[in-house]
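This report considers a loop residue and several salt bridges. Please keep the structure in view while reading.

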Amino acid sequence: MSNIGAQHLTRRGLLGAGGALALGALISACGGDDASGTASPGGAWTFTDDRGTQVRLKARPQRVVGYVGTAAALHDFGVDRQIVGVFGPTKLKDGKPDPQAGNLPVDRLEIIGNAYGEFNIEKYAALRPDLLVDNMFVPGDLFYVPAESKDKIFALAGSVAISAGAVALPKPIERTAALAAALGADLESAKVTAAKARFDKAAEALRAAAKAKPGLKVLAASASPDLFYASSPGKNTDLIYFKELGVDLIVPEKPGKDGYFEELSWENADKYKADVIMLDSRTQALQPKDLGSKPSWKDLPAVKAGQVIAWQPEPRFSYEGCAPILEALAASLQSAKKTG
């Protein structure tokens with residue numbers, strides 16, 4: 001499973017100064033085979049995804065099933081009743097929504113899988129899906145869609161993939177916005193434009209915080225019982241963006257085949273000297289409270305200094321989902337100190 005992270009499009013690229021208004025106008029103006037997505041009232045619907053695949057339907061999809069993070073981001077942009085089912089981390093053991101579900105009305109949705117490897121094809125078929133939506137961290141692979149059953153799954157409905165690896169954070173947000181607009185969402189709504197403004201302000205706050213703390217070394221990491229994962233700002237979409245904004249992120253020397261992280265034994269968890277550790281906060285990863293038995297964890301300078309902050313390697317690709325992440329990191333850097 002990826003620790004996550006196409007060509008880069010800067011924050012001032014597609015959206016630019018016109019913000020969501022410009023994107024809304026772009027989507028409205030696009031048509032034919034060159035468009036990312038288009039639909040006419042009661043007419044055909046098309047959308048070209050980040051695999052270069054064009055989905056063509058007789059009408060705008062009314063029954064959408066998606067990876068929980070993708071669906072949650074679409075919901076932030078205004079897609080609601082069309083979402084009928086989700087897969088991926090949706091509910092915690094106590095029945096409450098998983099943080100990755102964002103603001104989704106999870107009790108209304110059919111959950112066809114709640115963990116990696118879970119995808120109930122019978123439940124999926126029973127939903128009569130018009131469209132499957134997902135994030136794509138590795139080219140060609142839709143996240144949480146089991147490889148062994150993907151052909152059966154793809155035969156039931158068209159699918160749209162949003163590239164979420166090796167591109168800076170604004171890009172998947174913009175692509176998710178484009179998909180939401182194609183599904184009928186209003187990108188000029190007060191909610192969306194306010195979220196975009198908050199995101200831009202948060203990005204500038206993070207840039208300023210990073211500039212004010214030159215040389216402050218930050219490591220993004222994930223913990224499991226046997227391994228400590230040092231994540232790469234070359235592949236993880238949020239880390240790419242943080243680095244562009246000036247955060248001094250440590251670059252692992254030997255990332256694995258997909259390039260997302262380097263696997264370290266706990267004995268070697270101190271390979272990279274970090275002043276701040278951003279630790280994977282997803283439900284499947286170990287948290288600081290779980291790591292007391294790891295002497296090497298307690299000895300890390302950032303841990304001793306109390307400079308361990310929560311990190312969400314799978315951000316919700318919407319302005320509403322990502323603005324708080326930028327704000328929290330900016331605040332953490334403002335208060336952090338060098339450990340050596």
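A residue is called buried under 20% relative accessible area, exposed over 50%, and partly exposed in between. The model discussed here is predicted. Arg 51 has a relative accessibility of 30%, so it counts as partly exposed. Its salt-bridge partner is Asp 49, and the closest N and O atoms of the pair are 2.7 Å apart. Asp 49, at 4% relative accessibility, counts as buried.

## Further salt bridges

In the whole structure, a search finds 18 salt bridges. One of them joins the side chains of Asp 107 and Lys 91, with an N to O distance of 3.1 Å. Both residues lie in the loop between strand E5 (83-87) and strand E6 (110-111), 16 residues apart. Asp 107 is exposed at 67%, whereas Lys 91 is partly exposed at 28%.

Lys 123 and Glu 110 also meet through their side chains, at 3.8 Å from N to O. Because Lys 123 belongs to helix H3 (residues 121-126) and Glu 110 to strand E6, this pair ties together parts that are 13 residues apart in sequence. Lys 123 has a relative accessible area of 38% and is partly exposed; Glu 110, at 31%, is partly exposed as well. Elsewhere, a network of salt bridges links Glu 253, Glu 262 and Lys 271.

## A buried loop residue

Where is Ala 185 placed? Ala 185 is found in the loop between helix H5 (170-182) and helix H6 (190-212). With a relative accessible area of 13%, Ala 185 is under the 20% limit and therefore buried.

Leaving aside residues up to four places away in sequence, Ala 185 touches Phe 77, Gly 78, Val 79 and Ala 180. Val 79 is 106 residues from Ala 185 along the chain, yet their C-alpha atoms are separated by 5.7 Å.

Note on methods:
Residues numbered from 1 in each chain as written. Predicted model: local features only at pLDDT ≥ 70, side-chain atom pairs only at ≥ 80, totals over all residues. Heavy atoms only, no water. Helix = DSSP H or I, 4+ residues; strand = E, 2+ residues; numbered from the N terminus. Buried < 20%, exposed > 50% of the residue type's maximum accessible area, 1.4 Å probe, protein only. Contact = heavy atoms within 4.5 Å. Salt bridge = Lys/Arg side-chain N within 4 Å of Asp/Glu carboxyl O.
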